Each structure stands twice: as structure tokens, then as C-alpha cells.
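Work through these exercises on packing inside a protein model. Try each task before you read its solution.

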Amino acid sequence: MRTLILDNGSHTIKAGYSDSDHPILVPNTVTRTKRTKRVYVADLIDKSSDLSGLYYRSPFDRGYLVHWDAELAIWDRLLSNDVLGCQPSETNLTLTEPIFNFARVQQSMDEIVFEEYCFRSLIRAPAPKFSALNAGYTIYGNANPECVVVVDVGHTCTYVVPYHQGRMLPQCVRRVDVGGRMLTSYLKETVSFRYWDMMDETYIINAVKEKCCFVSQDFYRDLEIARKGRQSILGVDYVLPDFTNSKKGFIRGQEPQVECLMSDIQILPLCNERFAVPEALFHPMDVGLDQGGIHLAVAQAIMACEERLRSVMFGNIILVGGSAQLPGLRERLQTEVQALAPADGAAVVVTLPDDPPVENAWLGARAVDIHESQDTDGTTVAASGVVDSPAGWRISREAYHENGPDRTISHFNKFI
């Protein structure tokens, strides 16, 4: 029996069967083009050549799944024969949800999984839970390490989630309302004020952010270097796409063959924008948010733990999420947290997994499924050392109908 794993992120769904090495990444949006007004669901936008001025409708609002009509259209596309070719009645499902998800949303999610799609069984948990498990399997050699802090730099926000013996410490969780979407919007506003009007070009600017931005290790030093403008070592020219030869654009000089095919080249010059925009992760006041940065959130989350756990927590910080791929983020976060840690405490260690950070939760869910073994009578039992195994965690469709929505929610909450 195959198990389908859906890491249902607010920007990208990471989807795939547990017997796959890596997931496919599918946009978790319904997109409408500005010129032709055509609507594209999920990955269908990749087939469009009209990528200028896209309008996005996300199923998520402030990090929580609220627009089910959009999400169902995306899931229908995802499960279709054109993408995953899934037969829900013959498939087990592992699904991620937001931290501190609302009970009504959880109830709707369970009803749709079991009553509309009729999946055979379900495991549902927050993405940081699976990231913590993946860290246990791949880094610490223990399915449930004693202490680990997951810093999930996502699309909507950043969560700092401490785990002790495989269980979340809810009173210690911290959230910063800066994520990938905020950084993209900040970059749009900056370049629109200085160079080109790019306020409607979310698709392009998101690509610019991913290819050009980095986290400075010394902001004021880099700012001084950038005063020389495009001639400085930090200056780059970004070739905007023509949607014929290039869909996302590229840094000038990196794709000379494509550049030769483009008849009318438009250049977006970038210099201090490359590191000033990601600085909002450490100084949210730059974008008008009265909050501390992610380094402060990490320090506050750990200091809220029991005193005996703090030194271990400081030494076991895992950085995951789509925006965790920003060059320099791990080093800068480690430096900033070290400055806030008690002088007599253990050294701060921030680890960026070897696998792509955006896939970390999916890989953790896959590891949970792989580490179960088959009993002789066909029931699943936990493999050695695995506490949160599908044997006790997974709810079958029959059990859901027997227990009802409220008891199902309580069951899953026990494993968070």
C-alpha cells in the first residue's frame, strides 16, 4: 500500500510517494494572467508564456488554510493522472498543517480527506514536527533527539519551535511575521521606487530574490562597499525575461547563449538591495512590523524552556523552510544568537540540512513511513527506536467514522 506525502505549504506543495527520493514542487496557488485573463491551477502556470503581471489567489491567509475552494481545485489537479496519478481509496496520506491550527480548520481538513477524497488513512501534523524527526534521523541518529529547535523560515512567516523528547513545547513557540512573501514584496517596492515599476511582477521579482539576494554578515561594511554602486563587487545586472527565450530572467553573464537570442534586453541593476531586503528577517522594523528579528525569537524561545534544557537547545538549532536557502542566513543567525546566549552557556550551533531546506518536512514524513515495518498479520508496527510511528499515529478511514471529528483531532494533537 503506497503512502502519499503532502507538505501543504502556503507557497509550494511538496508532494510525492514515500518510495520516491524527493518530492515534486507544485505552486499552491490559482493564478490569473493580466493580459489574457486565463486561469491556471497549480503547476499549469508553467505552460503559460504570459507570465507578466500575474494575479495570485492563495488558499492561505496569514499562514492558515481558509479558502477551501481554491485548495480543492489545486488538490484535484495534484491527484490527477497528469501529476501524481493517485487513487485515494487505495492510498495512505501524510499531511502537514500550520502550527497551532484552528480546530475548525482541522475538522474541515479531516472531513475532506476521509469523506470527499476517501483516503485509506491519515497522519496529520505541523511541518516543524516532521523537520524535527528528519533532523533526528539524519543528524543525531535518534528518531526523537532530546532537544532540538526548528527554525522554519516559510513563505508567510517564521516559526521557532522547540522540541523535547519528540514533543513540541507550545509555551515556548515564537512567530515572526516575516517570510519569503514579505521579502518579495519589499524587493518589489524597492526596485519600483529606484528603477522599474515592478509592483505587478511578483513572479519575476521572486526569481530575482532567489537568484540575487543574500544575507550580509556585516551589514554596515557591505553598505559602505555598495556606495560605489553597480561598479562595486556587490553590484549585478539582472536581465529581465522576454518570456520567449527566458521565463524568469538571469544574472547578466551567466547565460550568454540565451542573452544572444534576446533582441531587446532590459536590465535591472541591483546593488545594496541584494542584502538590504533580507535584513528584514533580523530587523522587521524595516518593513513596519513592531517585532524583533528571528534571532531574538530563537533566543526568547530557548530562554522560555526549562533551565536544564537551554544549553542543549542552543546547540541544536535546525534551519529549514524555503527562505532558509538564502546564502549566508545560517552563519548570520548563528552569530546573532550566539551574541544573545548566556555567557556561561554552550556554544550556539545552527545546522542547515544537506538536503534542500524546502523539502525537509517532506523528507521527515518519508522517514517516518520508511521506519515502520510490516507485521506478519499485515498490521504496522514501529521499527526499533521510532516513537512516532504510523502504527499508533495513523488513523484509518473506519476509525475516523467510528470516533468522529473531535476525537480524531484530539488523537493527532497527542503526537504534536
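**Exercise 1.** Is F214 buried or exposed?

*Solution.* Start with the cut-offs: buried means under 20% relative accessible area, exposed over 50%, and partly exposed in between, with a 1.4 Å probe and protein chains only. F214 has a relative accessible area of 15%, so F214 is buried. The model is predicted: local features need pLDDT of at least 70, side-chain atom pairs count only at pLDDT 80 or more, and totals for chains, interfaces and linings use all residues. Residues are numbered from 1 along each chain as its sequence is written, and side-chain values use heavy atoms, leaving out hydrogens and water.

**Exercise 2.** Classify the ring pair of W68 and W75.

*Solution.* Rings of Phe, Tyr and Trp (its six-membered ring) pair if their centres lie within 6.5 Å; planes under 30 degrees apart are stacked, over 60 edge-to-face, and the rest tilted. The search of the whole structure finds ten aromatic pairs. In one of them, W68 and W75 lie 5.8 Å centre to centre, with 80 degrees between the planes. That pair is edge-to-face. Next, check burial. W68 is buried at 16% relative accessible area, and W75 is buried at 4%.

**Exercise 3.** Classify the ring pair of F214 and F275.

*Solution.* The ring centres of F214 and F275 are 5.8 Å apart. Their planes meet at 45 degrees, so the pair is tilted. Now place the partners: they are 61 residues apart, and the pair links distant parts of the chain. F275 has 0% relative accessibility, so F275 counts as buried.

Terms used:
Helices (H or I, at least four residues) and strands (E, at least two) are DSSP runs, numbered from the N terminus.
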